[in-house]
Every structure is written in C-alpha cells, then in structure tokens.
Amino acid sequence: MTGHRVEVAREILAAPEQVWAVLTDIDAAPKVLSSVVSVERVGGPDYGVGTRWRETRRMFGKVEIEEMWVTDAVEPRCTTIAADSGGTRYTTVFTCVPSELGVVLSVEFSASTPHPKLGQRVGWAVFGKVGMKATENALKQDLEDIAKAAESDRR
C-alpha cells in the first residue's frame, strides 16, 4: 500500500457555528475557496453523511474535477470528506476545536492506494514529497479562505 498524510491548522476568530456554516456550505465554495472553480451537487441532504458533489478545482496549474462525499459529520465539531480517483482514496478530515479566541480549525488530508501499479509506486517515490508539500500549501490557503469568510461572516 502506498500513501501520504498532511495536517495543517489555523486559529479562526469566529464562533464554532460560524466556522461550521462556512465549512459545510458546499454551494458557496466557489465564492469562499480561491481554488474552487465550481460545484455541482449530485445528491444527499444539504450537508450530512451521504451528501455528494462534483468539485472543479484549480490544482497544480490545471483544473481537476473530483466527485466527493461526506462520510461523517458531527456539527459543529468535525466532518470527513472522501473521494476516489485512479485507485487512490483521498480522505479529508476537518476538526473544529474551540479556543480562547474562537476556533482552531485543523484539516488532515490523506491519500492511500491499496493496490498501486508500478507507475503509481514510482510516482509516489519520485514526486510524493513535492506533491504533499504542494497539497500542504493548498490546504493552508483553504484554511485562510475559510477563516476570512467566517471572520467576516460573508459567503
């Protein structure tokens, strides 16, 4: 099995409910997250386990479309989002922990390929660290965008 994991966190000067509202407003993602181009709902409730959508995002200089879904949601504390692409499972866990100033929002992103092909193993070995550093930077930008929206309560 081949896999990688990245975790970043940021303090946000807003109530947990405000951060949760921004984090779970899938339809507003293109207005909030600078790298999201568009979102198309596929199914499920407004936001909860089973909610599915296609997200078009600008990553690493190109536009990618991934279908994503909510696998866990405990309002306003944590949510888990999954996606599968090319035999790799991507999991993103957002956790809101109240702090003296508001909320510490952390995000843990992991990618695992249970049965990697030779090309995938070589790719992870050669580009894995660079790719995960780029992913870390993208996650930091997402947290910055979420903080800006939650602190201003604009979506």
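A disulfide is a pair of cysteine sulfur atoms within 2.5 Å. With that cut-off in hand, let us look at the cysteines of this predicted model.

A search of the whole structure turns up zero disulfides. Take C78: its sulfur has its closest cysteine sulfur in C96, and because 8.4 Å separates the two, they are too far apart for a bond.

| Residue | Relative accessible area | Class |
|---|---|---|
| C78 | 21% | partly exposed |
| C96 | 3% | buried |
| T92 | 13% | buried |

Now to T92 itself, which belongs to strand β6, spanning residues 88–98. Which residues does T92 contact, leaving aside its neighbours within four places in sequence? They are T79, T80 and I81, together with V107, E108 and F109. T92 is also buried, its relative accessible area being 13%.

Most peptide bonds are trans. The peptide bond from E75 to P76, however, is cis, with omega near -15°. Where does P76 lie? P76 is placed in the loop between β4 (62–74) and β5 (78–85).

Technical notes: Residues are numbered from 1 along each chain as its sequence is written. This is a predicted model: local features need pLDDT of at least 70, side-chain atom pairs count only at pLDDT 80 or more; totals for chains, interfaces and linings use all residues. Side-chain values use heavy atoms; hydrogens and water are left out. Helices (H or I, at least four residues) and strands (E, at least two) are DSSP runs, numbered from the N terminus. Buried means under 20% relative accessible area, exposed over 50%, partly exposed in between (1.4 Å probe, protein chains only). Contact means heavy atoms within 4.5 Å.
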